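Good morning, and thank you for the time on today's agenda.

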Amino acid sequence: MSKPTTKDHIAIDPNAKKLIVFLDCGDTIIDEGTEIRDDHDIVIKADLIPGADVMVRTLAERGYILALVADGRAQSFKNMLTDHGLYDYFTTMIYSESIKDAKPSPRMFKAAMGALELTEQDCSRIVMVGNNLSRDVKGANQMGITSIFLSWTSRYPKVHEDESQKPAYTISNPVDLIDLVEKLNAQLE
């Protein structure tokens, strides 16, 4: 297994908020329907979901540690997030390409936790935000991480198939996450 990397130029602030935010990318930050890929299936350009940039910047500016936990290729995410000025807001980025597994596998979430020096006891202070009930929500639920379903797109089911896919919270727009995260953080403090 490849070792997850925490970007050297972002230090974890000891005064950071208690709540840690794990974010998916496709149809959570980036509109998958706008992806342009090269001959090697790398996304070279894509549009943001309306409000996703405000969500990422606001949470980071308010002191939340952000981790990208996404299925796909590292270069695709680097291209998309750099293009929109969001890449440097993430303390760590965990990709299925480097982990050699995909959500809902616990390996994805454990890799993000390891990169942030978190233990299983920290799961209660982590939220996972994603667009996919069978991957993001189910994976978070299996780990005891609070699941937040972003039901922005019609590309994926909006109704859970079983209890393992039932989100703790559902939001319809990225900016809705800001108030929810503030509320959940206040409950921890």
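Predicted model: local features only at pLDDT ≥ 70, side-chain atom pairs only at ≥ 80, totals over all residues.

Let me begin with Asp 31. This residue sits in the loop that connects strand S1, residues 20-23, with strand S2, residues 36-37. Is Asp 31 buried or exposed? Its relative accessibility is 16%, and buried means under 20%, so Asp 31 counts as buried.

One is the side chain of Arg 155, joined to that of Asp 31 by a polar contact of 2.6 Å. The other is the backbone of Gly 33, whose nitrogen lies 2.9 Å from a polar atom of the Asp 31 side chain. Setting aside residues up to four places away in sequence, Asp 31 touches Ala 46, Asp 47, Leu 48, Ile 49, Trp 152 and Arg 155.

From there we may turn to Pro 50, which is found in the loop between strand S3, residues 43-45, and helix H1, residues 52-61. In sequence, Pro 50 and Asp 31 are 19 residues apart, and their C-alpha atoms are 8.8 Å apart in space. Pro 50 has a relative accessible area of 60%, and exposed means over 50%, so Pro 50 is exposed. Apart from residues up to four places away in sequence, Pro 50 touches Trp 152 and Pro 174. Trp 152 is also among the residues that Asp 31 touches.

Lys 103 is buried, with a relative accessible area of 3%. Which side chain does that of Lys 103 meet in a polar contact of 2.9 Å? The partner is Asp 24.

Let us now consider the helix pairs. Two packed helices are described by the angle between their axes and the distance between the axes.

Helix H4, residues 106-115, packs against helix H5, residues 133-143, at an angle of about 70°, and their axes are 9 Å apart. The two helices are therefore roughly perpendicular to each other. H4 passes H5 in a right-handed crossing. On the H4 side, Pro 106, Phe 109, Lys 110 and Met 113 take part, and they meet Arg 135, Asp 136, Gly 139, Ala 140, Gln 142 and Met 143 in H5. The residues of this contact comprise 5 nonpolar, 2 polar and 3 charged.

After H5 comes Gly 144, whose phi is positive, near 80°.

The second pair is H1 and helix H6, residues 176-188, which pack at an angle of about 30° with their axes 8 Å apart. H1 and H6 are therefore roughly parallel to each other. Val 54, Met 55, Thr 58 and Leu 59 of H1 meet Leu 177, Ile 178 and Val 181 of H6. Here the residues divide into 6 nonpolar, 1 polar and no charged.

Thank you for your attention.

Terms used
Residues numbered from 1 in each chain as written. Heavy atoms only, no water. Helix = DSSP H or I, 4+ residues; strand = E, 2+ residues; numbered from the N terminus. Buried < 20%, exposed > 50% of the residue type's maximum accessible area, 1.4 Å probe, protein only. Polar contact = N/O pair within 3.5 Å; in protein donor to acceptor, adjacent residues only side chain to side chain. Contact = heavy atoms within 4.5 Å. Axes fitted to C-alpha atoms, helices over the stretch in contact; angles between N-to-C directions. Parallel < 35°, antiparallel > 145°, perpendicular 65-115°, else oblique. Left-handed = near helix turned anticlockwise from the far one by under 90°. Nonpolar A, V, L, I, M, F, W, Y, C, P; charged D, E, K, R; others polar.
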